[in-house]
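Please keep the sequence and the model at hand while working through the numbered points.

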Amino acid sequence: MPSVLNPLGPLASPICYPENTNVQHTQIPGVGGAMPCVGDTPIPDPDRYPALCRYIAAGCLIIERGNSRLPDDVWAKVERGQCDFSLVGRLVCFGWIRLSVSLASDWPDRLVLRVYILPDDVDNTIIPRSDPALKRARDVLVAQLDFSPDVWAGLTTWGHLDVPQLFDASEASVGSQRGGPSLLEMFNSIPSPDPNPGGIGDYDTRDAAGSLLNSCVQGLDTTLYLHQRRSAALMVQWESQKRLTLDPRLTKVVDNLGQPWYYDAVAGTCLREPRFYDAPCGGILAEEMGSGKTLICLSLILATRHIPASAPDHLRDSGVVVRPRVGSLADMAAAYITRNSVAWRNVFGDLAPDGLEFPRCVAAIRRNPASYTIPVPPRPRNTRQLGPPPAPRTVHLSHASLVVVPSNLVQQWKHEIAKHTSGLSVLTIDKDPGIPPLEQLLEYDIVLFSFSAFEKLASPTEAESHKPRNLGLLGNSPLDRIHFKRCIVDEGHKLGSSMSSLTRLPLVLNCIHAAAKWIVTGTPSKGLFGVETDNEVTSRRTSESPPAMELDDLKRVGSIVSSSYLRMRPWANTRSESGDSVASWHSYIERPWTTAPRQPPDADGYTQEASAGRASAATASLDRTGPGPSAGSYTPRWEPGAISTLDVAPEPSGAVERRLRSTLHSVIIRHRLSDVSNLLPVVDQKMVYLDGSFQDRLALNLFSMMIIFNAVQSQRTDQDYFFHPRQRSSLSQLMSNLRQASFFGGSFFSPNEIRKAVETAEEFLRGGKILISNEDEALLRDAIALGRLAETNTLKQCANLFHEIPLYVENFPWGAGREWSLDFADGDPVCTDSRLISALQKLLHPLVDAPTSLQLLFQSGRFQTCGLEERAKGIQEENRASAAAATSRPAESRAKTLAGNTRLGEDSNNTKRRSSVLSKKHEDIRPSVENPGLQETDIAAPLAQAKLVSTASAKLSYLIDQIVQYQEEEQIIVFYDNDNVAYYLAGVLEIIEHLIYAKGLSSQRRNQYVVTFNTNPKFRVLLMDITQAAFGIDIQSASRIYFIHPVLNPQVEAQAIGRARRISSNTKDSRPVTVETLVLRGSVDEVVVRRRGEITRAEARRCRDILDDKPINNWIRNVAEEAVTGGFGAHTGIGISNVVNVNVNPIRVRVRVRAGYRDAFFVIVSTWR
C-alpha cells in the first residue's frame, strides 16, 4: 500500500479499484453514454451512479508529468482515457474518497485528478469513520486540493482556490476596509432586538411577551421605553422557545457540482447536512450603560412571575402518578396543574386580574407541589467509597427568580424594585447567608443575593476541592432543592475574568437549578462598549486594537460562553459527553483570529492571495507559446514531498469572523447605540483652563527645582538620577505628586528639605569638583534663588506646618482673627484653614442669632482662647502624625533622598484625620436645619459680614464656587484620583452636606451612600474615587460632573460619566449632564489633555500608570534633558522667573451669609478676580 504522504511512490501491493472509482471527466469507463452536464461540468446521474452521488465533489489535484513518476506506457493510457489509479490507496480502498483522472484540457503535460469525499454524516454504519490514521490522511489530502471550478473543468492555468467556495457569495464581502471587522465592530453591529411573540407556542408566555411590548405589565409602575420593551420581550422569547443554531464550527460551502456541504477546517469535518445545537436558554443582556438594564430585568420578572418553571425534559416524569389512596378530584387536578407547570396564579391566586381569589383551589395546589427527582449516578467500579450511596434528590419547581448582584449594588436593586414595581415579594440576603425554610422560599418572587453572601453558601474546603454537584456542594441548603424560573447575575462579566477561578461564585452558580440563566452587563469585556458605527472616524479610532488586546477580550468572551453557567454549545462541550466533540475556543477563535491574515475578499469572494494566484496563472497562460513545463510560471499546489509541509487545511475567507458573529448573535441581546443614544441625556462636556495662584506656581516650580538639582548633580547618568531605569518607582511617585500639586502642593517639601537641597547645590557650585556647562550653572543658580524664595514664604510655611489649604476670610468676627489664623498675624483678611473654621462654626453655631451672648463670648476672652487651643491642637496633631509616619516607614523609604539631597515630595498630612474624614459615617453627618423664617437680619452683625475671599488653590476656588452656585438646583459629582485631594476638598465642603464614595469603604457603606444621594435631597455633593466609578452604579440624580484632573483613558472617563448619564423613567426628570474637567495651565494637566486627544484605545488600556504612556514619559524626560537650554519651567509654562514676578493675588471668592444656614456663618456664592 502506498504511503499517504507520498501517494505516487512505488506501490507495495496492487492498486485497489473500488466500485465506480473508474471515473473520467466526461464519461465513466464501462458504462455507455456521456454524463449530463451543466455548462462544462458533468453531473453524475443518481440512478446510474448512486455511489458517487453520495460524495462531495470537493476539488482537484494537479500533477506535472515530470513530477508524476509514471511510466510512459501508463501516461499513454491516461492520454487514451484507459487508466485510473489511486492517489491515496487506503482512502480509496475504505471508501472515504473517490477519484477520477484525465489530462488537463489546456496543458497536455498535466494530470487533473478530481477528488470526491464521502461526508462524515453519510453511510456511517457501512463505512466507519473512527480510524485516526485515515482521518489524518484525508485532512492532509484536503489541505492540498484546488477547489477552483476552472480547474475542475480542466483549465489548470486559471482561478486557483485553496479553500472551498462559500455557498452564499454575499458573505465573502463581509469586512471593513482595513481587512475584516474588529471584535468591537462586531459587538456594535449585533442587530437590535426584534421579538416575535406570535412564534411562542405557550399562550401564557406569548401573552407575557405581548404585555411587555405594550408596557402593560401588572405591577409595573413605570412606562417602559421602546428599546426596553423589545429587549424584555426577546428575553421571554429566548426563555420559552427552543432556538436551533448552526454549529459555528461549520462553514456552508458549495462543491463543484453546485451542491452545498458543511466544512470544519480545524477538525477536518465534512458534512452533507448541517448540524444544529440548542441555543442557551438565556444569554447576555448587554444594553448600553444607563439604558435601564435593571428595569428590563424587573419587567421580565413581573411579566412572567405567574408562570412556574418547567422540569428538564430528561427528568420529567410522564408516567402515571400512583397514590397510596384514592385522591380527591381537586387534588388530582391540582397535581396535573403543577406537574405540567400550568400558570395558575393569575387565575386562582393573588395575581388574578379580576381580583377574585379561590382559597380552596390554591390550598389544593399547594398540597401538591411540583417537583422532579434527580437520580443517583452509578458508582464507579474502581471507587473506594464506603457506606450507602446518597439518596435521590427531590427538586421543587418555583416561579421565583434568583438575582445575584455585587455587594455595592444590593441597595440599588432594592431601590429600583421599590421605585418601579409593586406587589413583588422580595427576599434580600446581603451579609449573613441565612436562608429561610424551603416552604417559605418557594413563596418569593425574587431572591436577591449579594456576591459575598452567595459565595458563603459553599464552605471553603468544598469549594476549593471543586466537588461536582452530585456530591452536594451546597450541602443541605434549600437552594439546592429549588428549580428557579431564572437566575440573573448582574455585572456578570466578572465570570469571564481570570480572577473568577479564584472565587467560589462560579462553583455555587453551577449548583443552582434554573430554567434560564442570564448575565447582565454593559461591557462583557473591557474592550467591548457602545460606539457609533455610523461615525467612521470614531469607529476607526476606537476599534484600533493590537492582537494582544483583542485576544484578551476574546478570552473573556470565550470564558463566559463556555462557562458551566451559560453552557453554550458547542463551546461548553466536555469530553465526558458521548456523541459529541469538544470545541476548543482557543483553536477555533483565538488562534485563527490572531494568526490568520484577515484580508478583505474581492468581488468574487477571493482573498488577495487567491486573486494574486489567479492573476499570475492568467498571465502564465497568455505568455505560454507551447506545451511543456517551462512554458508557464504556475507551480502546482501539490508535489511529491510537499504534503508534509502543510498539515492544516486553510479556511474559507472570514470563517473565524462568521463563527464569532454567530456566537455573539445567538447569546447577546443589545440595541445599537444609534437606537438608544437619543434617549440618553445630552452631555455638555468642556475643559476649564485655570491660571494657577501664586502657591500653585510655587509648588510646581519646587518640583522643577528638585529635578534640576538632581539632573545636574547626578550628571544625568548616576543611579540616583530620577530617570535612571532603577528609579522607576521614584519617578512614578514624583509624577503622582506632580499631579496632586496641580490641585494643591503647598504641603510638599518642608523648609528644612528645601534648605538642605539649596545648601547642597551651593556647595556643589563652590566646590567645582565636577565640571558642568555654563547653562547648567545658570540653571542651578536660578533654582537656588527659587529655593531661597520658597524657604522664606510665609504661606508656604503655614501650609507645610498645618498640612491644610490656606483660606482667607475677610471681616473676621470682631476683627479677632489672629488666634484663629495659620500665620498668627493680625490684619484682614485672616489666613486660616478648613479645620479651624469648622471648629469655629461649632463654637458659634448655638449663638448665631444671639448677639448678646456672642458679645459676652468675645469679652470674656473665651473666643480667643478657643482659637489658640485649636491652633495648638492642630500643630501637635500634625507633629505627632509626622513622627509616627517617619518611624512606621522602612528605613530605605525614610531615606529616599537622591542626588543633590533632592526629595520626591511627600504630603504627610495627618493620616488618622484623613481616614476619619474619608470614612465619615452617614450617621455622623449633621442634618441641615431648614428654617424658612430665618432672615439675614436674624444673623448677628459680627457674623453677617464675614466672607471667605480666597483659597491658595485655583482649582479648589473654582470648584467650591461652582458647587455653591449650582447645589440648590442640581446634584453634583466630583471625581478625584487621590485621597489627599479628597481630604482637602472634603474639609472645605464641611459647610455643605456631602458624601464621600471612597475605595476604603465597605461595600454596604458605598451602597448606602448611592441610595442616600439619589433619594435624600439634603445631600447635594458626592465625592467619588474614579477607580470606583465603573461598577454598575446608578447616580442619575446628578446632573453636574467635575473631574479634578483630566483622565488619560477616555473609556474610564466615559464610564464615570455613565454613572449620571442614564435614561430616566420620567422624561420630565431628564436634564442635560454638564461635565467639566479642570486643567491648570502650565502643569502636567495640559500634557494629559493633549495626549488624550491622540491616544488610541489600545494605548489607553496598556497604561496602568500615567508613566506607561510613552509620549508622556518622553515629555517628562525631555523636560529634564532640555532644561540645560531653557530651564524646566520654560517647558512647562511655569518658569522660575514667572514665580518671582507674580503678584500675590490669588483667586478671590466672594461669600455672604444666606438665610437657612444656621450651621455656617458664610457661604460661597460667586467668583471674581
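1. S215 is placed in the loop between α7 and α8. Its phi is near 55°, a positive value in a residue other than glycine. Most residues other than glycine have a negative phi, and most peptide bonds are trans. With a relative accessible area of 17%, S215 is buried; this term means under 20% relative accessible area, exposed means over 50%, and partly exposed lies in between (1.4 Å probe, protein chains only).

2. A word on the basis of this note is in order. The model is predicted: local features need pLDDT of at least 70, side-chain atom pairs count only at pLDDT 80 or more, and totals for chains, interfaces and linings use all residues. Residues are numbered from 1 along each chain as its sequence is written, and side-chain values use heavy atoms, with hydrogens and water left out.

3. The chain as a whole has 43 helices and 31 strands; helices (H or I, at least four residues) and strands (E, at least two) are DSSP runs, numbered from the N terminus. Of the 1169 residues in the chain, 55% are buried. The accessible surface comes to about 49,900 Å², and carbon and sulfur atoms account for 51% of this area; such areas come from the Shrake-Rupley method with a 1.4 Å probe, and for residues only the protein chains shown count as cover. Among contacts between residues at least 6 apart in sequence, 76% join residues at least 24 apart; a contact means heavy atoms within 4.5 Å.

4. Which residues of helix α7 are buried? Within α7, residues 203-213, they are D204, T205, A208, A209, S211 and L212. Seen down the helix axis, these buried residues fall within an arc of 160°, so they line one face of α7; the arc is that of the directions from the helix axis to the C-beta atoms. They pack against α8 (226-240) and α9 (293-304). At the start of α7, a side-chain oxygen of D202 comes to within 3.3 Å of the backbone nitrogen of D204.

5. Helix α8 contains H227, which counts as buried at 4% relative accessibility. Leaving aside residues up to four places away in sequence, H227 touches E287, S291, H671, V676, L679 and I1063.

6. Strand β15 (residues 401-405) has five of its five residues buried, so this strand is largely enclosed by the rest of the structure. In a regular strand the side chains alternate between the two faces of the sheet. In β15, S401, V403 and V405 point one way, while L402 and V404 point the other way, and all are buried. What does β15 pair with in the parallel sense over five bridges? The partner is strand β17 (residues 446-450), where F449 is the bridge partner of V404. β15 also pairs in the parallel sense with strand β18 (residues 482-490), over four bridges, and R486 of β18 is the bridge partner of S401. Two strands pair if DSSP finds at least two bridges between them.

7. An open antiparallel sheet is formed by three strands in the order β3-β5-β4. Strands β3 (56-64) and β4 (97-104) stand at the edges with a single partner strand each, so one side of each is left without a neighbour in the sheet. Eight bridges join β4 to β5 (residues 107-117), and V101 stands opposite L113 in β5.

8. A further open sheet has four strands in the order β6-β8-β9-β10, and its pairing is antiparallel. Its edges are β6 (165-166) and β10 (269-271), each with a single partner strand, so one side of each has no neighbour in the sheet. Strands β8 (residues 251-254) and β9 (residues 260-264) pair over four bridges, with K252 opposite Y262 in β9.

9. E491, in the loop between β18 and α16, has a positive phi near 50° and counts as buried at 9% relative accessibility. I512, between α16 (505-510) and β19 (513-520), is buried at 2% relative accessibility.

10. Where are the cis peptide bonds described here? One runs from R569 to P570, with omega near 5°; P570 lies in the loop between α18 (547-561) and α19 (585-595). Another joins D828 and P829, with omega about 10°; P829 is in the loop between β22 (807-810) and β23 (830-832).

Definitions and conventions:
Polar contact = N/O pair within 3.5 Å; in protein donor to acceptor, adjacent residues only side chain to side chain.
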